[in-house]
Amino acid sequence: AAVVHSFREYRKDRAQESADALAAEAARLADVTRAPDLDRPLAGGRPSAPQD
């Protein structure tokens, strides 16, 4: 019974580590794919005469 319990705890820990790794990878990809200039306000005016 102790071996079975230990094995189940091991699998549960391994599944949690996998979920944490997937969440970290998703967060990293979200940072990479986010456009860097979305935080700045848009400039007005024509392309030949921009107004900041």
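Trainee: Why does F7 count as partly exposed?

Mentor: F7 has a relative accessibility of 47%. Buried would need under 20% and exposed over 50%, so F7 falls into the class in between and counts as partly exposed. Keep in mind that this is a predicted model.

Trainee: Why are F7 and Y10 called an aromatic pair, and why a tilted one?

Mentor: Their ring centres are 6.4 Å apart, and the limit for a pair is 6.5 Å, so the two rings qualify. The planes make an angle of 35°. Stacked would need under 30 degrees and edge-to-face over 60, so the pair is tilted. The structure holds 1 aromatic pair.

Trainee: How are F7 and Y10 placed along helix α1?

Mentor: Helix α1 covers residues 2-33, and F7 and Y10 sit 3 residues apart in it, which means a separation of about one helical turn.

Trainee: How do you know that K12 and E9 form a salt bridge?

Mentor: Their closest N and O atoms are 3.3 Å apart. The cut-off is 4 Å, so the contact counts. In general, side chains of opposite charge can pair when their charged atoms come close. K12 and E9 are also 3 residues apart in helix α1, so about one helical turn separates them.

Trainee: What makes R28 and E25 a salt bridge?

Mentor: The N to O distance between their side chains is 2.7 Å, which is within the 4 Å cut-off, so this contact qualifies too. R28 and E25 lie 3 residues apart in helix α1, about one helical turn. R28 is partly exposed at 43%, and so is E25 at 36%. The structure holds 2 salt bridges.

Trainee: How much of the chain counts as buried?

Mentor: Of its 52 residues, 0% do. The accessible surface comes to about 5000 Å², with 58% of it belonging to carbon and sulfur atoms.

Trainee: Which elements does the chain have, and in what order?

Mentor: There are 1 helix and 2 strands, running α-β-β from the N terminus.

Trainee: How confident is the predictor in the chain and its elements?

Mentor: The mean pLDDT of the chain is 79, and 69% of the residues reach 70 or more. Among the elements, α1 has the highest mean, 86, while strand β2 (residues 49-51) has the lowest, 66.

Key
Residues numbered from 1 in each chain as written. Predicted model: local features only at pLDDT ≥ 70, side-chain atom pairs only at ≥ 80, totals over all residues. Heavy atoms only, no water. Helix = DSSP H or I, 4+ residues; strand = E, 2+ residues; numbered from the N terminus. Buried < 20%, exposed > 50% of the residue type's maximum accessible area, 1.4 Å probe, protein only. Areas by Shrake-Rupley, 256 points an atom, 1.4 Å probe, with all protein chains shown as cover. Phe/Tyr/Trp six-rings, centres within 6.5 Å; stacked < 30°, edge-to-face > 60°. pLDDT = per-residue confidence, 0-100.
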